[in-house]
Amino acid sequence: MLSLLEIARVQLLENVRRQVHLVTLFMAAAMLMLPAYVNAFSMGLQAFALVTKDFGLTAISYYGVAMALLLGSSVVPRDIERKTIYPILSRPLGRVSYLGGQFLGTAALITASIFLLTLCMGLGIASLNHEWDSNLFAAAWGYSLESSLLAAICMCFSVFASPPLAGVLGFFVYVVGGMSNAFIQFFLREDRGANWAADGVEMLQRFIPNFSNFRLKYPVVHGFSIDPHYHAAESLYACLWIMMFLLIAGIRFEVKDL
Amino acid sequence: MLHNAINFQGLKKTFHTLRGPVQALRGLDLQVKPGEIFGYIGVNGAGKSTSIKVLLGLIRPSAGGAWVFGEPAGSLAARRKIGYLPEVANYHEFMSAAELLMMHARLAGVPRALQAERCREALELVGLSTRKHSRISEYSKGMKQRVGVAQALVSDPPLLILDELTSGLDPFAQRDLRDIMLRLKERNITVFFSSHHMNEVESICDRAAIIHRGALQACGTIPELTENRERVEMLWEAVEVSEPVSQISKEGEASVARHEAHSFLQLAMSRGYQLKRMSSKRTNLEDVFHDITRRVDREASACSPS
């Protein structure tokens, strides 16, 4: 367990230094300025906070997904390619612990970044609205779980395939797993008449996580209260899927020649 | 019962590639005794790194087995007894040497109370105490190799595996690392190191093994490997040749193994040659290595279907 946490700590420090996090800084600045920008077009209407939250949370969600795809699919292959993995795995440390540590480090970074961006957006809104909306963090927690799960999926695929392919497969699972019933019924079946596609998506959805469980943007934007039990349930749901994907990755990684 | 530090028995490894199976190891048998400095010599692709990776559990053998102090290679118990420096040692460059060593001490399960002391000792041994807080990215290649040796030593292992330790280093850095290895021998640490530098192996190793085409070709102390391979070079003058001797070229030169020299001399003189000059050439490890690898290559190409 201590080894796992040590790997996670190093992975977190390593990831923080990746140039991709310049995007995080840019996004943080954008989130701070977003409320003022939206307000400039609101023509005095008080709906600016609603629009800002909608815009901001969507951007944060996309950011989380992009980070999960990028980091999740590359952390393990990167260590193998740079050969930093050899001295680490020559230690008395299980490969599953190594994968778990890599995942924890990645998930911690993505979660911290999402909360940072949410905080920036919240501060931006509060500076204009003089009102603090702590519910934003409920949506942020959902996005963190979603991104962490996606990172675990990409990490699992990266043990079997190259990083680009792992990223593509991860994105495919994310898209299919996030399709709502309404989209399948009204768009695929009724509007497009693509019953075969709708059947295929519904069949696949039985075997992959349902990402729409983590999307709390609309209740948060419209100020509906969220049952605390829902957070516990979505967290448990994400943890179970993450453990399953890491287990599959671990089984394969255990016998992989490095 | 005293176990060998390393024991390879009939070790085979076949990689399955798109072009077909590639046999990296073809039944390797090798034993390394505790406390010795053991040189592991072979050309690129001979199977050195593959066999080392088997010891560390990074690769699984196709057949045969490997043991470290009696523990199955790759097991946690075996890995507790190994300190490893890979061929291309890349570390987290944002860390300092002290941070890297602390990380490895934690991963190796060194008790918390001993971690700082072990790191200090390892850095002192490799002569990096004064630069321990500098980032690894600021180090020269030689210093990085020394950090690599320190990280391998931080768990105080009885066996140190160094994969091409001095490759690509300047002569001063090579000498520094050789000195470090000799100091490790004084501490009774078994050092198993692969190298392309024959003079290095000759100068510091108790024993050495030559591996080629995935199998052990020769193993022993340096005198054992080089003795009976001394050659005698002769310059002849053909006075009245009754029947030519096949080993003598047109120019009248011949080079024969020392143990064959006497009978060859008698034969040549009986056929009418006159000896003009004779000298003995001492064979070093490099000559032995070349002789063995060329012979194995010749035999392999003779056996190949093409």
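These are my entries, going from the whole chain to its contacts.

**Entry 1: getting my bearings**

I began by reminding myself that this is a predicted model. I then looked up the overall make-up of chain B and found ten helices and 13 strands. I checked the extent of chain B too, and its C-alpha atoms fill a box of roughly 85 × 45 × 40 Å along the principal axes. How much of chain B counts as buried? I found 49% of its 306 residues in that class. I also looked at contacts in chain B with a separation of 6 or more, and 69% of them come from residues 24 or more positions apart.

**Entry 2: two domains in chain B**

Next I looked up how chain B is divided, and I noted domain 1 at 6-221 and domain 2 at 226-303. The centres of these two domains of chain B, taken over C-alpha atoms, are separated by 40 Å.

I wanted to know who touches whom here. In chain B, eleven residues of domain 1 are in contact with ten residues of domain 2. Together the two domains of chain B bury about 1000 Å², and 76% of that lies on carbon and sulfur atoms.

**Entry 3: polar links between the domains**

I counted one salt bridge between domain 1 and domain 2 of chain B. I also looked at the salt bridge in which the side chains of B:Arg213 and B:Asp297 meet, at 2.9 Å from N to O. Three residue pairs are in polar contact across this interface of domain 1 and domain 2 of chain B.

Then I asked which elements of domain 1 give two or more residues to this side. They are α7 (198-204), β9 (207-212) and β10 (215-220) of chain B. The largest share, three residues, comes from α7(B). Sorted by class, I found six nonpolar, three polar and two charged residues on the side of domain 1 of chain B that touches domain 2.

**Entry 4: chain B meets chain A**

I turned to the contact between the chains, which takes 30 residues from chain B and 26 residues from chain A. The two chains bury about 2600 Å² between them, with 56% of it on carbon and sulfur atoms.

**Entry 5: details of the chain contact**

How many salt bridges join chain B and chain A? I counted two. I also noted a salt bridge between the side chains of B:Arg106 and A:Glu6, at 2.9 Å from N to O. Across the interface of chain B and chain A, 16 residue pairs are in polar contact.

Several elements of chain B give two or more residues to the side touching chain A, including β1 (6-17), α1 (48-56) and α5 (141-153). I noted that α3(B) gives the largest share of that side, four residues.

Terms used:
Residues are numbered from 1 along each chain as its sequence is written. Chains are lettered from A and ligands numbered from 1 in the order in which they are written. This is a predicted model: local features need pLDDT of at least 70, side-chain atom pairs count only at pLDDT 80 or more; totals for chains, interfaces and linings use all residues. Side-chain values use heavy atoms; hydrogens and water are left out. Domain bounds come from an automatic or database domain assignment. Contact means heavy atoms within 4.5 Å. Buried area is the accessible area (1.4 Å probe) that two parts lose on being put together, summed over both. A salt bridge is a side-chain nitrogen of Lys or Arg within 4 Å of a carboxyl oxygen of Asp or Glu. A polar contact is a pair of N or O atoms within 3.5 Å; within protein, one must be able to donate a hydrogen and the other to accept it, and residues adjacent in sequence count only if both atoms are side-chain atoms. Ala, Val, Leu, Ile, Met, Phe, Trp, Tyr, Cys and Pro count as nonpolar, Asp, Glu, Lys and Arg as charged, and the others, Gly among them, as polar. Buried means under 20% relative accessible area, exposed over 50%, partly exposed in between (1.4 Å probe, protein chains only).
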